[in-house]
Amino acid sequence: MNNRILLVDNEPDIALGFKMGLEDNGFIVDSFNDPQTALSKFRAGLYDLLLLDIKMPKMNGIEFYQKMKEIDTKVKVCFITASEIYYYKEIAKGLFPVLGIRRLIRKPIKMENLVKELKQELESINNYNNNNNKYN
Amino acid sequence: MNTILQFLSKANTISSCGDYKALSLTIEVEEYRKLLLNLRKRGIKLRYITDITKDNVKYCKELMMKFAYEIRHLDGIKANFSVSETEYLASATLAEEVQQPLVSIQQVIYSNVKDIVAQQKYVFESFWNKAVPAENRIKEIEEGFVLGSTEVIQIPSRTKELFLDLVKSSKEEVLLLLPTTNAFLREQRLGIIQLLKEAAECGVNVRILTPINNIVEEIRKNIFLTDQGNKFFDIQPIEIPTEEIKVCTVSILVVDRKGSLVIEKIDDSKEDFIEAIGLATYSTSQPTVLSYISIFESLSNQVKLYEQLKTHGKMQEEFINIASHELRTPTQAVLTYSELLRRHPEKKEDMIEAIYRNAERLQRLTNDILDVTRIQSKTLKVNKEKFNLSDLLSKIIEDYRSNIEKNNSNVRLSYSESIKETSLVNADRERIIQVISNLLNNAIKFTEEKGGGEIYVTAEEKEKDDQEVAIVTIKDTGVGIDSEIISRLFTKFATRSQTGTGLGLFICKSIIEAHGGKIWVVNSANSKGGATFAFSLPISQQQEQQPILSNNRPGR
């Protein structure tokens, strides 16, 4: 069965490019440029994985994910950012384990590697205390 | 008298002490003068300790010059004695009246007992070492300042009184360095901070260096709430010393650059001032006071530099993050679409367009960073030519209108101008285009963010500070600017959007200022909101013999 992904990135070129690339690799992708619209369309159990940008206007990816978690407690997530990781390091260390976030991907990334990352996350067991945190 | 004569005739070195009255007695009485001249002829070494005052300073100088006395000053000395190698002589009383000198010395104590002489020699040497050279004291009296002294205060209640008195006596300046936030709070309870506030209200320049916590910050805010005294009251935060390195464990108070009070803190946990302090040193000696001032100033400068360094570090981090985001995002797009292009030849046009768009974004970042580098290294060049600003604006607006139309944007662009045909600016055309484009792009971006609206561009001539200037105003009805950011909008990395380098307005400001103009911004006061950006450029009137317009069309 094809995995369904919700993609949110405020950069239209990025969102569209990722959507096309991921669809070429067999995923079903819904993409949004605005977190608020994405949130209004979001239903529990609809998606296997969220792929979220962090730096977005109005609501950043982490705030957005916290709202998503209230609706769907099981949904998996990968963050993707063009910002420097140290910028989010404190949030990453403090908040990520609490929220069950394990994967932080940096742009730019080639499609094959992005696909690999997403597949790994999808195959992983939902264990929030996993020590294999990528952002450490 | 005979005893005295005998004493003097036998001695080879004479060390004497006399109170403030003794000097005049020595000089003014004829008998003594003769004796002294005689002593000088014999080459006797003469040392003398006295209390040099304004009244006896002339006698003191005479003794030094005419009779080769070596004199030192000791504040308020009472002793009247002389000691030679083998003999000791003291006068018990000295009469007030000098008219009858020989009668004035009513009683003398004489001894040639070895032990007594040795004891008195010891007393003299102790005084001698403590005393200051007469030259210094004379200079102080003649140049009009009070002799400085340093005193150790062992009784905390006295220190407290002195502290309060010193602060109350301040007329020009108070410097106060505190070691801990607790020290600040103790002094607040003691009423010192209130006294300083009142002093500042009377124009005394009050500066405090103190570690800051929430409570101190609260007090600081309250002080600065009142209008009066703010100008003269400065509380500068210093880093709280760590447990390991207790850099500063004393409070230093310097009043009017004349007196210093240094108080040891022995138990910082105590709430009461008296219980918390140990020894104190009070000094009115210039070198000591100046040293404390220099400690205060050095620390103050160091704190300022440290703050600058921290801000600089933060800005650098911010820059790396913004530059990184602006570099990685378009690179990601170029990378993704290049890959997609291979698999989706049917969407070739769209993808090439996307790659081009993102390559352009990379180019903009590159140019911005290069511009900032030029600005900072002061190598930004402007190639000036004379042209009519209104003509340039018309062309730019035209281009923007067709772009807006092409993109189906909800933004309307209006333009009105009142600049005379003969009014030219002497400026770098490409750089001015860069500024106008930057301001227009911002206006469009933030108006679109609000779902569309009107942008009004005007160009007019005005006289400002006796100079004819052209003023260009770009007023949008967009989302406006947060008051938090508006004051530093033209500095580096101040950005109101998530996309953008935060460099554009900094570059605009530098370009306009390089042309002798000004750039500013206000939030629109009307209900529609939005921001108004404006810049001015000096006008130079057209001269017949010079070409007015360059043939180059602005390349955009």
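Student: What should I know before reading the numbers?

Tutor: Residues are numbered from 1 along each chain as its sequence is written, chains are lettered from A in the order in which they are written, and side-chain values use heavy atoms, with hydrogens and water left out. As this is a predicted model, local features need pLDDT of at least 70 and side-chain atom pairs count only at pLDDT 80 or more, while totals for chains, interfaces and linings use all residues.

Student: How is burial read?

Tutor: A residue is buried under 20% relative accessible area, exposed over 50%, and partly exposed in between (1.4 Å probe, protein chains only). Of the 136 residues of chain A, 51% are buried; for the 556 residues of chain B the share is 47%.

Student: How big is the interface between chain A and chain B?

Tutor: The size of an interface is often given as the accessible area lost when the parts come together. Here buried area is the accessible area (1.4 Å probe) lost by two parts on being put together, summed over both. Between chain A and chain B about 2400 Å² is buried, and carbon and sulfur atoms give 52% of that area. Asp13(A), Met20(A) and Lys55(A) supply 25% of the area that chain A buries against chain B, more than any other three residues.

Student: How many residues take part in the contact?

Tutor: Contact means heavy atoms within 4.5 Å. By that rule, 25 residues of chain A and 26 residues of chain B take part.

Student: How many salt bridges cross the interface?

Tutor: A salt bridge needs a side-chain nitrogen of Lys or Arg within 4 Å of a carboxyl oxygen of Asp or Glu. The rule finds three between chain A and chain B. One of them joins the side chains of Arg357(B) and Asp13(A), at 2.7 Å from N to O.

Student: And polar contacts?

Tutor: A polar contact is a pair of N or O atoms within 3.5 Å; within protein, one must be able to donate a hydrogen and the other to accept it, and residues adjacent in sequence count only if both atoms are side-chain atoms. Ten residue pairs across the interface meet the rule, both residues being at pLDDT 80 or more.

Student: Which helix gives the largest share of the side of chain A that touches chain B?

Tutor: Helix 1 (12-24) and helix 4 (85-99) of chain A each supply at least two residues of that side. The largest share, nine residues, comes from helix 1 of chain A.

Notes: Helix = DSSP H or I, 4+ residues; strand = E, 2+ residues; numbered from the N terminus.
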